[in-house]
Amino acid sequence: MAEDIRQDKKANFSALTEHNNNGVTKISGLASNKTGASKKLVIKNFKDRPKLADNYTEDTWLKLRDAVGAIQNSTSIKYNLEELYQAVENLCSYKVSPTLYKQLRQVCEDHVQAQIHQFREYPLHCVLSFLKRMNRCWQDHCRQTIMIRSIFLFLDRTYVLQNSLLPSIWDTGLELFRNHIVSDGAVQKRTVDGILEQIERERNGETVDRSLLRSLLGMLSDLQVIGQYSFEERFLMETDRLYAAEGQRLMQERDVPEYLHHVARRLEEENDRVISYLDQSTQKPLISNVEKQLLGEHMTAILQKGLSILLDGNRVMELALLYQLFSKVKGGLPTLLQHWRDYIKSFGGEIVGTPEKDKDMVQDLLDFKDKMDNVAQGCFNRNESFINAMKEAFEAFINNRPNKPAELIAKYVDCKLRAGNKEATEEEMERILDKIMIIFRFIHGKDVFEAFYKKDLAKRLLVGKSASVDAEKSMLSKLKHECGAAFTSKLEGMFKDMELSKDVMIQFKQYTQNQSEPSQLELTVNILTMGYWPSYTPMEVHLPPEMVKLQEVFKLFYLGKHSGRKLQWQPTLGHAVLKTEFKEGKKELQVSLFQTLVLLMFNEGEEFSVEEIKSATGIEEGELRRTLQSLACGKARVLNKSPRGKDIEDGDRFNFNNDFRHKLFRIKINQIQMKETVEEQVSTTERVFQDRQYQIDAAVVRIMKMRKTLGHNLLVSELYNQLKFPVKPGDLKKRIESLIDRDYMERDKESPNQYHYVA
């Protein structure tokens, strides 16, 4: 029974098998396998290779040729595309590929050759329609080539792929179009000329068909057209020509800000052109050409014509644009840097070098520095080279006029730190001082600044005119940080004297309280160390007996504590508070010592002449006239002058103004400030020069003592390294000669330029 089943199953299996033409036995899925039995696949070779019909190759090619013709003529194809593809595969399988490839190439070539005539005979004046026809022909050719390749894909992927010397069907299509249409001299020239004409029209503001240009330029790029009429070379030449002429013309017609905006717009347009239809590889040479013709050729002219206008007008936007444009051009930034440096030197030189503007010099310098800082930071991209060039230029022009800027900066600081300066809060004051320090850094002769600053600081401290001790100490701290402790030691000594004076006055007050006959006057004395403070010319005046007595008491007290010291009174710096009685009532007058001496005379009499007052007080004539002017001609007129007038003349008489009225109880009567005379300025400068000579002498001796023997040039070089102020070689030579005369050093007997230290 089991055996019968096996046979039945076997019979069924055989019945369900079928043979394919290729000799593979295919097993039907209906067959049921015995559990555990393995499937078998039997493969057999062809017994005989099938033969093609006699006319199969010719008939198939005719079908294929008809199909290609239909594609080229844009008519319907009679045959099924799958059938055509299968026909190509069959021909390739029977090694007809070489013939098929040649036949296909020939058919395509014949078709392309036939297209050339329409372009050669096209009317010359119809440029745009010529380009459109060329574009249509190219688009049709591409579409046809893609369609033909899809039919002959098997040929392209087998025979052509295996023969590296043969171009693919697509490459063949490009080659035929290039060789027979685009490489034709007349056609290529007309095409390139037409494209260039359209681009020029667009550059002149007309609207053109960008998609047409993109397509045609894509064609030239795909076909890799080179030669006499190749597009890129001609395009760059035309660009050069156009922008060279435009640059020359617009530099004459337009001002610099307008020209810069035009250049920026042109560069933007050209970049947009690259994005829209030009090849990406054209961008670099194209932009380079535009930058060269519109900027590179006119850099100096642009800067000479417009940089000062932009900087004077603080045209921040145009300056930023100028920097941005020049940074793109070779040599642009170094050229801009040089002109920027020259502008700063020129403009700053005018500020510093014009004596009529000395009054506003420092404020103008601060404003100019702020302005240049803003340009460097905001417009020049914080470029380190530009910031350093600005510093160099400031240093150069400020020191073109020796000493004066240093003197005026000291006076400017004095003005800001003096009481009554209500224009700045503490934060604003700190900012002002920081800005002043920036200008101060540029000055070579810092000792001139120190001399004038010390003189003004002394006035502020002694007359109590300092606006803020914190601001004073802040400025001192900045100077110390900038110039070192040696520079500020005397200035710090002045502050120390003021602190010590307060302690001395506390002790003196206790001392006077223990006296048997305490004075009705209250005396405050500031003890100044002579080396720290400016030198003051002593002036002898006739003080009232009470004051003289009080001075003697203080002298006795002080010298008792500090034996060996000498006190010299300076009445020019003294001031007092006088209790006065007018018809309106009692008032207190805050006045200088000279004003005090004049007013006290009116306790003894009602009217005095100038000569009588001078004789009684002993005040120097010029000082006396200013004192009387402040009391009789100022805002608070506590004296009457006859005859009336602003100036004090010989013979003028004065009497006490009992009718004086004022809303305040304590009234400060300012002394008429004598403007610093030229002699005083010269005197201060001469003291600085004298100090410099001492410093040079000390430096020479110090160097020679260490080196023992030294040549002239090396000695001068060492001196320049050590000295903190500018000095001329001639001045150094004079000091060396002076030291030789005084036997600090001697010349070598054999070599005059060699010096020896004399111990």
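**Charge pairs and helices**

Guide: Glu430 is partly exposed, at a relative accessible area of 31%. Keep in mind that this is a predicted model.

Visitor: Which side chain does Glu430 meet in a salt bridge?

Guide: Lys478, with 2.7 Å from N to O. The two are 48 residues apart and link distant parts of the chain, with Glu430 in helix α20 and Lys478 in helix α22, residues 469-483.

Visitor: And Lys478, buried or exposed?

Guide: Lys478 counts as buried, because its relative accessibility is 15% and the cut-off for buried is under 20%.

Visitor: What does Lys480 pair with?

Guide: The side chain of Lys480 forms a salt bridge with that of Glu492, at 3.2 Å from N to O. This pair also links distant parts of the chain: Lys480 is in helix α22 and Glu492 in helix α23 (residues 485-513), 12 residues apart. Glu492 is partly exposed at 30% relative accessibility, and Lys480 is partly exposed at 35%.

Visitor: How many salt bridges in the whole structure?

Guide: A search finds 44. Some are linked in a network, which takes in Glu202, Arg203, Arg210, Glu270, Asp272 and Arg273.

Visitor: Back to α20. Which residues form the negative surface patch?

Guide: Glu426, Glu427, Glu428 and Asp470. Helix α20, residues 426-442, gives the largest share, 3 residues.

Visitor: How exposed is Glu428?

Guide: Glu428 lies in helix α20 and is partly exposed, with a relative accessible area of 33%.

Visitor: New topic. What is the end-to-end distance in α27?

Guide: The end C-alpha atoms of helix α27 (residues 621-632) are 16 Å apart.

Visitor: Is α27 mostly covered or exposed?

Guide: Mostly covered, with 9 of its 12 residues buried. Among them are Leu624, Leu628 and Leu631, along with the charged Glu623, Arg625 and Arg626.

Visitor: What about Glu621, which partner does it have?

Guide: Glu621 forms a salt bridge with Lys614, and their closest N and O atoms are 3.6 Å apart. Glu621 is partly exposed at 37% relative accessible area, and Lys614 is partly exposed at 35%.

Visitor: Last one, Thr145. Where does it lie?

Guide: Thr145 is in helix α5, residues 127-151. Thr145 counts as buried, at 7% relative accessibility. Its C-alpha atom is 8.9 Å from that of Ile71, a residue 74 positions away along the chain.

Methods
Residues numbered from 1 in each chain as written. Predicted model: local features only at pLDDT ≥ 70, side-chain atom pairs only at ≥ 80, totals over all residues. Heavy atoms only, no water. Patch = residues over 30% accessible without salt bridge, like charges linked within 9 Å, V, L, I, M, F, W, Y side chains within 5 Å. Areas by Shrake-Rupley, 256 points an atom, 1.4 Å probe, with all protein chains shown as cover. Salt bridge = Lys/Arg side-chain N within 4 Å of Asp/Glu carboxyl O. Charge placed at Lys NZ, Arg CZ, Asp CG, Glu CD. Helix = DSSP H or I, 4+ residues; strand = E, 2+ residues; numbered from the N terminus. Buried < 20%, exposed > 50% of the residue type's maximum accessible area, 1.4 Å probe, protein only. Expected span 1.5 Å × (residues − 1).
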